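Q: Please examine closely the part of this structure where the two chains meet, and describe what the side contributed by the second chain is built from.

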Amino acid sequence: MEAMQITPVSSDYVELRFGPRWTYISCVRKFVASFFMIGLADKERAEQISMAASELLENAVKYASDEESYLKISIAKQSSVVDVCVKNRAEPHHINTLRRELALIQAGNPESVYLKKMESAAMTEGQSRLGLIRILYEANAKLRLDVHDNEVAIHALFPLEGA
Amino acid sequence: MSDNAFTPLSADGLSITPQMSGDVLRVKMTGAVEMRDPGELLNPYWTGLDDAVRAKSLKRVEVDLRDVNFMNSSGILTLVRWITKAKTHAPDQAYKLVLQYDRNVTWQRTSIPTLAKLAPQIVEPAEVNG
């Protein structure tokens, strides 16, 4: 899908779908920040959520196997959580890499893992692979991976204090 | 610009302006780092700055990040590479790298102090207001 569609469903929910074009990511990040700045009245949380959206989208655009990647963001006050979910189709080896990556970063102390990954990334060429641990450590979110066939859904879950 | 060794950079919504102030190199960054591969642009640029700083035997570089409204993880990696290289310099070529940030900008308040932990002996996070 080429054109971006923005479909506000209610004051607490928004879903966006768009083709995997890099130039949309900045636009989505700014929109998500503005949306949650209003919805949560919490600038820091809004910027953390928009950072996570941006990092997940960057991964999706880099590793999507076709033109079907899209962003889905939902807010569920019933469970006091914001769920940033990015779905895309991916090749099996990319999915396996993602599983290993998540297992690695969720196994240790987030700050130690982040620093170690920075050090190792500096010694190698190519992608940073710092996005997921950045979400975990800097935005204090939880990450969850759902895979169905070749469709990957990665969730960044933000607990809302006092919600 | 007061010194031809330190050239400004402007591309993809990002501007970098280095300027000598006494014996301190001040590097002002403005905009956002959210291009697909910021390393293509920034890795050679930081390497050039690092080389010039050592050629001039400067002992302090201040990078002002306060007007960078966002930096993606690939952009952060370019700073990681610079820090990783800088911390290997021999004492006579070593310099202090000060990363100035605004605590009201969420990514800066979280990313910059973390970067400093990579090499606390040479990197100093500096919260600067205004």
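A: In this predicted model, about 2300 Å² is buried between chain B and chain A, and carbon and sulfur atoms give 50% of that area. The contact involves 26 residues of chain B and 30 residues of chain A.

Polar interactions also cross the boundary. Between chain B and chain A there are 16 residue pairs in polar contact, counting pairs with both residues at pLDDT 80 or more. Salt bridges between the two chains number 3. One of them joins B:E34 to A:R29, with the closest N and O atoms 3.0 Å apart. On the side of chain B that touches chain A, at least two residues each come from β4 (60–71), α2 (73–86) and α3 (106–116) of chain B. By class, the residues of this side comprise 10 nonpolar, 10 polar and 6 charged.

The strand β4 that contributes to this side belongs to an open sheet of 6 strands in chain B, ordered β1-β2-β3-β4-β5-β6 with mixed pairing. From one strand to the next, the twist averages 15 degrees.

Helix α1 (residues 38–55) of chain B lies across β1, β2, β3 (24–33) and β4 of chain B, and runs at about 175 degrees to β3(B). Helix α2(B) packs on the sheet as well, touching β3, β4, β5 (96–101) and β6 of chain B, with its direction at about 170 degrees to that of β4(B).

Key:
Residues numbered from 1 in each chain as written. Chains lettered and ligands numbered in written order. Predicted model: local features only at pLDDT ≥ 70, side-chain atom pairs only at ≥ 80, totals over all residues. Heavy atoms only, no water. Contact = heavy atoms within 4.5 Å. Buried area = accessible area lost by both parts, 1.4 Å probe. Salt bridge = Lys/Arg side-chain N within 4 Å of Asp/Glu carboxyl O. Polar contact = N/O pair within 3.5 Å; in protein donor to acceptor, adjacent residues only side chain to side chain. Helix = DSSP H or I, 4+ residues; strand = E, 2+ residues; numbered from the N terminus. Nonpolar A, V, L, I, M, F, W, Y, C, P; charged D, E, K, R; others polar. Pairing = 2+ DSSP bridges. Axes fitted to C-alpha atoms, helices over the stretch in contact; angles between N-to-C directions.
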